[in-house]
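Reader: I have a new structure to read. Can you take me through it step by step?

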Amino acid sequence: MASILFSPAFQATAIFPSTWSELNRSGPPRLSSILPRGRPQELESLKVSVEAEPRVTAPLQLVETERCVDGKLAAWTSIRQERWEGELVVEGEIPLWLNGTYLRNGPGLWNIGDYNFRHLFDGYATIVRLHFENGRLFFGHRQIESEAYKAAMKNKRICYREFSEAPRPDSFLAYVGELASFFSGASLTDNANTGVVELGDGRVVCLTETIKGSIQINPHTLETVGKFEYTDNLGGLIHSAHPIVTETEFLTLLPDLVRPGYTAVRMEPGTNERKVIGRVNCRGGPAPGWVHSFPVTEHYVVVPEMPLRYCAQNLFRAEPTPLEKFEWHPESGSYVHVMCKASGKIVASVEVPPFVTFHFINAYEEKDENGRATSIIADCCEHNADTTILAKLRLQNLRSFAGQDVLPDARVGRFRIPLDGSPEGELEAALDPEEHGRGMDMCSINQAHLGQKYRYAYACGAQRPCNFPNTLTKIDLVKKKAKNWHDEGGVPSEPFFVARPGATEEDDGVVISMVSDKNGGGYALVLDGSTFEEIARAKFPYGLPYGLHGCWIPKKAS
Ligand SMILES: CC1=C(/C=C/C(C)=C/C=C/C(C)=C/C=C/C=C(C)/C=C/C=O)C(C)(C)CCC1
Ligand SMILES: [Fe+2]
């Protein structure tokens, strides 16, 4: 029997599903799950009992080195248990207007027993919930029960093709069955570990880049509701991981690997049917460029075609490749296409300097004195046309930081795309990248400015030396300045901006993030959107794995 002293906010209640229990069958003592009982102030300090489970020789084991241990950054370690929920003790003041739920999705389990995954993006999805209510903060996390996750738990081995991992042919064939499914996409994962969105009709869906990896969850309990089935016949295997979602529509891009191009589609709230807006053919290369995200303006869908292109062979290859599912084809050219949202027509298709981006920040139309759009401005987190960032995100590299400055430089890349028929567009840094330490990714904006002229972007930046973005940065695109927040030795996740209801200033609101601290713990962080100063934090019961993207679900008016 071991004991851990916990803050008064936590009360012990065991809630281990059998899958997790099996997975954890050996190794160090486990912490029981804990649920809140009453306000933190009302509770006494509590000793939580931790029982050591009997060691058995089982194929599935969590390896000690992969676990979150004190003194080691939790960001790159697997989630400690399948689920947890409870109230957190808040230091500082959460504004009373901040009522609603921040959900954040990401890969959180990077090992099956003693088998360790290679890449950050391989991990089985962990959804985390921060529920803000009248100054109080409730926290929970849970594994998403994709077919890939369930199969791995059941068979104690990887059964589907993840970002960089593929099952051994025997286990895959044993699980999925026929060889034909190998070519149909059935072997691809549905591990929805990349993002989470609330549709206009209130349904909450976790996403990855396979279409079948769209999974509906319950935003209150984090329970997996089931697969989100698209009822149209559009087919295809993959889509952008970042649809544009508003109260009135869901827009996404479907890359076509057979006839290289992209189809832009729209889905209305209350339906599961995507309708085609239009299609654009690729201008270069053997396959479409990777389209992890894309921006929109008021009237246009902006379709980036980057020279980091999908590689159909790599999608189905068993061995890891240098660029995973992709290949770098600088000779094929880089392009940006602009599609009219109303007609689906291509109104511009320009060649641009080579670029590597995963995340677009925003886009808008520049207009002349008659209100006619003359060009499109599209901003992204741009990795200086260097693909090495993908290898830097392998877990071995993330876990082996020894003080060297190894994070490749990134910048806010600003495209200017003329709408007058000119053949070329521009790409330049929107501000001196030194302002944010030459680190730049995982961005958000005030959603009220989506597709509109805007001034502020929030992102992860860098304080060097580092091997991963380790600051939060607020970028002022007008003054070309950044304000930076940093906790030495810590790794913050995507800063997510939530506007104050009734605000008139673009940065009137808060920025939410979750931080892995240097002691192996972690905390939820709330910064003032305007001053970028900390206003509240709340410690988690244990450090969490790094998460990717989130969404805000405001409390519904009653
Ligand atoms: C590409 C395919 C798949 C998986 C795609 C996934 C899981 C992509 C995830 C991409 C993410 C999270 C990109 C984030 C980038 C962040 C960066 C560059 C941060 C940099 C910091 O400096 C499958 C679904 C596995 C199969 C089809 C193809
Ligand atoms: Fe992303």
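Author: Begin with a term. Two strands pair if DSSP finds at least two bridges between them. Keep in mind that this model is predicted.

Reader: Which residue stands opposite L254 in β18?

Author: T263 stands there, across from L254. The two strands involved are β17 (residues 250–256) and β18 (residues 261–267). They run antiparallel, and 7 bridges join them.

Reader: What is the order of the strands in the open sheet?

Author: The order is β16-β17-β18-β19. These 4 strands pair in antiparallel fashion. At the edges are β16 and β19 (274–281), each pairing on one side only.

Reader: Now the metal. Which residues coordinate the iron ion (ligand 2)?

Author: Look for donor atoms around the metal. Here they are the NE2 atoms of H242, H292, H359 and H549, at 2.0 to 2.1 Å. Along the sequence, the donor residues follow the spacing H-x49-H-x66-H-x189-H.

Reader: Why does the pair H242 and H359 tie together parts that are apart in sequence?

Author: Check where each one sits. H242 is in the loop between β15 (224–227) and β16 (244–245), while H359 is in strand β25 (residues 357–367), so the pair links parts 117 residues apart in sequence. Both H242 and H359 are buried.

Reader: How do I judge the geometry of the site?

Author: Compare angles with the ideal. For four tetrahedral donors, that is 109.5 degrees. At the iron ion (ligand 2), the angles among the 4 donor atoms run from 93 to 165°, and the site is irregular. The tetrahedral label needs all angles between 85 and 135 degrees.

Reader: Is S293 buried or exposed?

Author: Use the cut-off: buried means under 20% relative accessible area. S293 has 6% relative accessibility, so it counts as buried. S293 lies in the loop between β19 and β20 (300–305).

Reader: What does the side chain of S293 reach?

Author: It reaches the backbone nitrogen of F360, at 2.9 Å. Leaving out residues up to four places away in sequence, S293 touches S240, H242, P304, F358, H359 and F360. Two of these, H242 and H359, also coordinate the iron ion (ligand 2).

Reader: Which residues does F415 touch?

Author: Among them are V336, V352, F355, F360 and L427, not counting residues up to four places away in sequence.

Methods
Residues numbered from 1 in each chain as written. Chains lettered and ligands numbered in written order. Predicted model: local features only at pLDDT ≥ 70, side-chain atom pairs only at ≥ 80, totals over all residues. Heavy atoms only, no water. Contact = heavy atoms within 4.5 Å. Donors = N, O, S within 2.8 Å, 3.2 Å for Na, K, Ca; no water. Tetrahedral: all angles 85-135°; square planar, octahedral: opposite > 155°, others 65-115°. Buried < 20%, exposed > 50% of the residue type's maximum accessible area, 1.4 Å probe, protein only. Polar contact = N/O pair within 3.5 Å; in protein donor to acceptor, adjacent residues only side chain to side chain.
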